[in-house]
Amino acid sequence: DIVPANRMQGLPEQFFAKLVGKANAQAARGRDVINLGQGNPDTPTPAHIVEVMQQASADPKYHRYPPFRGYPFLKEAVAKRYKEDYNVDLDPETEVAILFGGKTGLIEISQCLLNPGDLCLVPDPGYPDYWSGVSLSGGRMSFMPLREENSFLPDYRAISDADRQDAKLMFFNYPNNPTGAVATAEFYRETVEFAASNGIVAASDFAYGALGFNGQRPISFLETPGAKDVGVEFYTLSKTYNMAGWRVGFALGNAKIIELINLIQDHYFCSLFGGIQEAAAAALNGSQQSVRELGAKYESRLNALFQELDRIGWKAERPGGSFFCWLPVPQGYTSAEFADLVLEKADVVVAPGIGFGTHGEGYVRLGLLTDEDRLREAIARIGKLGLFG
Ligand code: PLP
């Protein structure tokens, strides 16, 4: 008999894997399913980046093992981007780790810092991968509620003395998945102060850093004075350059933490394919016009979606960033019941808020990940169920 290790027992089925399964089953029955449930960018990687990869893939030097910890040119490129975009100085050798997508770093940092029983503060609702890392490390979690009346920012004053003392690590993520909230400079100053005074490592997940709406440019946690003393930021090319399939991410900031992440990765993987690293450097070093265009595209999709929400009488707050909308479910339904209903009756996939934590109950998340006509069509179909207005 195959007996899994204890660490596998707390590990649930990956949330999105389950969601995709349901949607595929519906599509297999021949229905025209509109999938707004997953956060998978629908537009291709800009051509100039793909071309670099095509050329580089023929270069035999990349056919051998890449160097442990990756090529210096890629670390230099991300440091330069942070200087240009956020005026943050990073030493490419000691303050940058290349990751296999941001996701791996979010899990590795827990493995680097938590002993079994150690406490981690995680946002609720929040991206489920934070829990996976804590669970795999045998750590404990204390959830920080993100409430609409608090602009979906955690309230540090509400954290108990016991939790302040016990916590070794905390996660936060702005622009936020799933709520679409953005952070203020003041919130980040409070975060540095909270982390420093309680000896907690601060882990900022900046996966949606390039995606701000309403003319707002999201700020990086590392812009905050003292941020590098207390933590790191996770950055990824997945959303900014439509490179989710390429799996390029970074951990940036505190040199001691970066060294730990690099050390654990020396055992897990020795770095990305060299051609991918060259293409990633081209994305970071090249013209950022495609990033601006992408932002404008999501914004006009958001406008189209909100026009249609308004038309059917579904009242909701506009997100400040990310490519998600966080919409309240109608009275009388749980988020899971409502998500099942719209899949069943309207052939639209939405992510139920409960999948992101208990404070996600009462909401569903919709991604702006198809064109304007399909977004309007999805909302119009949901409108026909007659649950709003
Ligand atoms: N963090 C958040 C909040 C995300 O939504 C995602 C992807 O959906 C990631 C991190 C991971 O991105 P990747 O592993 O593609 O870099």
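View 1. A residue is called buried if 20 or more other C-beta atoms lie within 10 Å of its own, exposed if 12 or fewer, and partly exposed in between, with C-beta atoms placed from the backbone. This is a predicted model, in which local features need pLDDT of at least 70 and side-chain atom pairs count only at pLDDT 80 or more, while totals for chains, interfaces and linings use all residues. Residues are numbered from 1 along each chain as its sequence is written. Asp-205 belongs to strand E6. Helices (H or I, at least four residues) and strands (E, at least two) are DSSP runs, numbered from the N terminus. Leaving aside residues up to four places away in sequence, Asp-205 touches Leu-106, Tyr-127, Phe-171, Asn-173 and Phe-234. Two residues are in contact if their C-beta atoms, placed from the backbone, lie within 7 Å. Tyr-235 is 30 residues from Asp-205 along the chain, and the C-alpha atoms of the two are separated by 6.8 Å.

**View 2. Strand E6 and its neighbour E5.** Strand E5 (residues 167-173) runs parallel to E6 and is joined to it by 5 bridges. Two strands pair if DSSP finds at least two bridges between them. Leu-169 has Val-201 in E6 as its bridge partner.

View 3. Strands of a sheet pair through backbone hydrogen bonds, either parallel or antiparallel. This open sheet has the order E2-E8-E7-E6-E5-E3-E4, with mixed pairing. Its edge strands are E2 (96-100) and E4, and each pairs on one side only. From one strand to the next, the twist averages 25°. Strand E7 (residues 231-236) and strand E8 (residues 248-253) pair in the antiparallel sense over 5 bridges. Across this pairing, Val-232 stands opposite Gly-253 in E8.

View 4. E11 is joined by 2 bridges to strand E12 (residues 363-367), and the two run antiparallel. Pro-352 has Val-364 in E12 as its bridge partner.

**View 5. Helices H4 and H10 where they cross.** The axes of helix H4 (residues 101-113) and helix H10 (residues 255-268) come within 9 Å and cross at roughly 100°. Axes are lines fitted to C-alpha atoms, for helices over the stretch in contact, and angles run from 0 to 180 degrees between N-to-C directions. H4 and H10 are therefore roughly perpendicular to each other. Angles under 35 degrees count as roughly parallel, over 145 as roughly antiparallel, 65 to 115 as roughly perpendicular and the rest as oblique. On the H4 side, Gly-105, Glu-108, Ile-109, Gln-111 and Cys-112 meet Leu-260, Ile-261, Ile-264 and Gln-265 of H10. The contact of H4 with H10 is made of 5 nonpolar, 3 polar and 1 charged residues. Ala, Val, Leu, Ile, Met, Phe, Trp, Tyr, Cys and Pro count as nonpolar, Asp, Glu, Lys and Arg as charged, and the others, Gly among them, as polar.

**View 6. The shell around the ligand.** Of the 13 residues around the ligand, Gly-101, Gly-102, Lys-103, Thr-236 and Ser-238 come nearest. A residue is near a molecule or strand if its C-beta atom, placed from the backbone, lies within 6 Å of it. H4 gives the most to this shell, with 3 residues. By class, the shell has 3 nonpolar, 8 polar and 2 charged residues.

View 7. Most residues other than glycine have a negative phi, and most peptide bonds are trans. The peptide bond from Tyr-174 to Pro-175 is cis, with omega near -10°, and Pro-175 lies in the loop between E5 and helix H7 (185-198). Another cis peptide bond joins Asn-177 and Pro-178, with omega about 15°. Pro-178 is also in the loop between E5 and H7. Phe-152, in the loop between strand E4 (140-145) and helix H6 (161-166), has a positive phi near 60°. Phe-152 is buried, with 24 other C-beta atoms within 10 Å. Ser-271, in the loop between H10 and helix H11 (274-285), has a positive phi of about 135°. Ser-271 is buried, with 20 other C-beta atoms within 10 Å.
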